[in-house]
Amino acid sequence: MVEDTPLKTAAAALYSALYSWCGVMLLRFEPKAKLCNALLFASVLPLTAINLIFSRDALIASMVARAAIEGRSFPVEKAEVYARVSIYYAILLVAVMLAILYFCRERPAVSVERSFEGSPGSQA
C-alpha cells in the first residue's frame, strides 16, 4: 500500500487504535495487557516481511526520491542494502520492545481468601 488510498488510511487508523488500546491497558495494569502488547509487537515482523515482499521496489524508489528532493545523492545500491537490513532491524526492535515489556509491572492477583478492606465480609 504505497499510495495514499482510503484502505491504507483505514488500516493505519485501525493499527494506531490497537496500539492506543493496548497502551491504555498496560497503563491501567490490566491482567492481559502484557499478552496483548506482546502479540501487537510480534505483528510487526510479518507486516514488515509482507511490506518487503510486495513493496521492496517502491521502498527503494522512495528512499532515492526523498534524497533527490533534499538535494543529496543516494545510490540505489545503498537503498537496496537498507531494504535488506530492514527485516533485521525489525527483529531487533521487536526483541527490545518485548524485553522492555517483560520488565513492566503487573497488578498483583487478588487472592480469593483475602478480601478487600471495606468490602462486604471484611473485618474493617
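Leaving aside residues up to four places away in sequence, Lys34 touches Leu26, Leu101, Tyr102, Cys104 and Glu106. Please keep in mind that this is a predicted model.

So where does Lys34 sit? Its place is in helix H2. And is Lys34 buried or exposed? Its relative accessibility is 19%, and buried means under 20%, so Lys34 counts as buried.

Now let's step back and look at the whole chain. How many helices and strands does the protein chain have? There are four helices and zero strands. If you read along the sequence, you get the pattern α-α-α-α. The chain has 124 residues, and 17% of them count as buried. As for the surface, the chain exposes about 9700 Å², with carbon and sulfur atoms supplying 67% of that.

Here is a number about contacts. Take the contacts in the protein chain with a separation of 6 or more: residues 24 or more positions apart account for 53% of them.

Next, a pair of helices. Two packed helices are described by the angle between their axes and the distance between the axes. Helix H2 covers residues 33-42 and helix H3 covers residues 44-69. Their axes come within 4 Å and cross at roughly 15°. How do we put that angle into words? Angles under 35 degrees count as roughly parallel, and H2 and H3 are therefore roughly parallel to each other. Which residues make the contact? On the H2 side they are Leu40, Phe41 and Ala42, and on the H3 side Val44, Leu45 and Pro46.

Phe29 has a phi near 55°, which is a positive value in a residue other than glycine. With a relative accessible area of 28%, Phe29 is partly exposed.

Which residues make the nonpolar surface patch of about 490 Å²? They are Val81, Tyr82, Val85, Tyr88 and Ile91. Let me pick out Tyr82, whose place is in helix H4, residues 76-102. Tyr82 has a relative accessible area of 43%, so it is partly exposed.

Key: Residues are numbered from 1 along each chain as its sequence is written. This is a predicted model: local features need pLDDT of at least 70, side-chain atom pairs count only at pLDDT 80 or more; totals for chains, interfaces and linings use all residues. Side-chain values use heavy atoms; hydrogens and water are left out. Patches are made of residues with over 30% relative accessible area and no salt bridge: like charges are joined within 9 Å, nonpolar side chains (Val, Leu, Ile, Met, Phe, Trp, Tyr) within 5 Å. Accessible areas come from the Shrake-Rupley method with a 1.4 Å probe; for residues, only the protein chains shown count as cover. A salt bridge is a side-chain nitrogen of Lys or Arg within 4 Å of a carboxyl oxygen of Asp or Glu. Helices (H or I, at least four residues) and strands (E, at least two) are DSSP runs, numbered from the N terminus. Buried means under 20% relative accessible area, exposed over 50%, partly exposed in between (1.4 Å probe, protein chains only). Axes are lines fitted to C-alpha atoms, for helices over the stretch in contact, and angles run from 0 to 180 degrees between N-to-C directions. Angles under 35 degrees count as roughly parallel, over 145 as roughly antiparallel, 65 to 115 as roughly perpendicular and the rest as oblique. Contact means heavy atoms within 4.5 Å.
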